[in-house]
Amino acid sequence: MIKKFYGPPGTGKTEKLIRRALAYIRVGTPVKKIGYFAFTKKAAYTAKERMLNKNKNFNKKDLKHFQTLHSLAFHTLGLKEENVMQDYHYDDLGKELSISVKTKGDFDTSPYMTCDNEYFQIILKSREKNIEVWDEYCTGDYSKDINPDILKHVAANYFEYKKANSLVDYSDMIHQFVNKSHLCPTFDVVFIDEAQDLSPIQWMMYDILKANTKDMYLAGDDDQAIYAWAGADVDRFIREPATEVVLKKSRRVPRKVQDISNIIVNRIEGLRADKTYHPREEDGSCIKINNLDNVDLMKDNWLILTRTRSKSLQIAKELKQRGIFFESKFFKSLNTKLHKAAVYYSRWTEGQQLNQNEIDDVEDYMSDNNWNELVPWFEAFDKANLEDKNYIRLLLSNKEKLSEPPRVKISTIHAAKGGESDNVLLVLDNARKIRESVLKNVRKRDEEHRVWYVGVTRSRKNLYLMRAKIERYGYNL
């Protein structure tokens, strides 16, 4: 039996899978015969915590198959951490080849490696799609700057580097699992969440799991498929034969936000599953703004979303200038060490005693350890960065609660998938490289529409669309 749940934004598809897993346990299915495979480490952890909260008889060891597909491959193959390619390996190889290559694996938000070098982008994507490097290059998705001879040279050296150092990358794990399918555990039931973002090689792993289980459940939403850049195959998810169920009620998206999101998905020209869902019984709001001055970021919770990391950095700079406390997974808003030292010093000027650790923290920012109760911390701390000092002074004057989690979060759309906020500010600026890519084919345009759909549908109440600085360069909403 294979069942597929289509879960539009906020309809609770993960919760649906968890409840179905618990139902199997209630009728006698051993928990060790249940496989639950999430798209990211963070999602796997969340699923495990939900299971533990709903059934106090479990412990974490019971839920060993609540993991990612990569984790299943890693443990089944008996790999160790030292066997796996890390960011510094790519840097090392880049130096050997006299090219710059920076990679970043953030497996809390995605199982796909990001890379700033187009040669490696081609190589990594070809592995996910289970095709030759040359065939991936010939898709026409890449810039004219790519030299075919250099590509062949880089690819050959990449594969040789891994072999010589007994290393595997993340797609290698899946390839090896597929080649050793006889090692796959057997299950009574398997659940796969966010299946719209599986790559072709991961779908091959799915086929092996399907052959080793009695029942199979898929959950996902093709409208939220935003990893085509890494090789994800959303069409396979849509076409996979199964009994289909659409989750009908969103607990997140209000009516006016849904209206905007419908404009976006109706632009998709390629394959798309036909589905409708009901928004929350609340209108919400959708407001176009020109800049950050048009909203009051000094109160309430906010999620500011950008298409690119560079735009997130620009927004962060503006928030610092305004003295707004925020957080981002890409960088720190606040120098917490400096802030603590400022608090300690201010307490001392008020007559309170400090312990030795607190004294040491303060003196890290004073060149002559010149303590003077008449001199404020920002003048006494002559070794501290001036920009950091001014930012903390602004935060304190704005009465920001620095001991609590920030009210404002900045993220790229990709990194915020699964997140939500009462107030979402979506920055419509788009990068030149992205604007050029959507001109190439329908597939690229559809991929871009889905990214913006995900951005819009993070809002629980109010959606603010901030126009691009040059409007024709932004996403049109």
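**View 1. Ala 316 in helix H12.** In this predicted model, Ala 316 is found in helix H12, which spans residues 309-322. With a relative accessible area of 6%, Ala 316 falls under the 20% limit and is therefore buried. Leaving aside neighbours within four places in sequence, the residues in contact with Ala 316 are Phe 326, Phe 331 and Ile 410. Arg 280 lies 36 residues from Ala 316 along the chain, and the C-alpha atoms of these two residues are separated by 32 Å.

**View 2. The nonpolar cores.** The largest nonpolar core has 55 residues, and those with the most contacts inside it are Phe 37, Tyr 90, Phe 120, Tyr 158, Met 173, Ile 192 and Leu 209. Helix H9, made up of residues 200-211, supplies the largest share of this core, namely six residues. A second, separate core is formed by 37 residues, including Ala 316, Leu 319, Ala 342 and Ala 384. In soluble globular proteins, nonpolar side chains tend to be buried together.

**View 3. Surroundings of Tyr 158.** Not counting residues up to four places away in sequence, Tyr 158 touches Met 85, Tyr 90, Leu 93, Phe 120, Ile 123, Leu 124 and Asp 169. Tyr 158 and two of these partners, Tyr 90 and Phe 120, are among the residues with the most contacts inside the largest nonpolar core.

View 4. Helix H4 runs from residue 87 to residue 97, and its buried residues are His 89, Tyr 90, Leu 93, Gly 94 and Leu 97. These residues lie on the same side of H4, because they cover an arc of only 140° around the axis. An α-helix has 3.6 residues a turn, so residues three or four places apart point the same way. The buried residues of H4 pack against strand S4 (103-104), helix H5 (118-129) and helix H7 (148-164), whereas the face turned away from the buried side carries the exposed residues Tyr 88 and Lys 95. Just after H4, Ser 98 takes a positive phi of about 60°.

View 5. The structure holds one cavity of 30 Å³ or more, and about 70 Å³ of space lies in the largest cavity. Its lining is made up of Phe 37, Ala 38, Phe 39, Thr 68, Leu 69, His 70, Pro 111, Ile 192, Asp 193, Leu 198 and Gln 202. Strand S2 (34-38) and helix H3 (69-76) are the elements that give two or more residues to this lining. By residue class, the lining of the largest cavity divides into seven nonpolar, three polar and one charged.

Terms used. Residues are numbered from 1 along each chain as its sequence is written. This is a predicted model: local features need pLDDT of at least 70, side-chain atom pairs count only at pLDDT 80 or more; totals for chains, interfaces and linings use all residues. Side-chain values use heavy atoms; hydrogens and water are left out. A nonpolar core is a set of buried Ala, Val, Leu, Ile, Met, Phe, Trp, Tyr and Cys residues joined through side-chain atoms within 4.5 Å. Buried means under 20% relative accessible area, exposed over 50%, partly exposed in between (1.4 Å probe, protein chains only). Helices (H or I, at least four residues) and strands (E, at least two) are DSSP runs, numbered from the N terminus. Contact means heavy atoms within 4.5 Å. The arc is that of the directions from the helix axis to the C-beta atoms. On a 1 Å grid over the protein atoms alone, a cavity is a set of points where a 1.4 Å probe fits but cannot get out, and a pocket is an open set with protein on both sides within 12 Å along at least five of seven lines; lining residues have an atom within 4 Å of a point. Grid points are joined across faces, edges and corners, and a volume is the space filled by probe spheres set on the points. Ala, Val, Leu, Ile, Met, Phe, Trp, Tyr, Cys and Pro count as nonpolar, Asp, Glu, Lys and Arg as charged, and the others, Gly among them, as polar.
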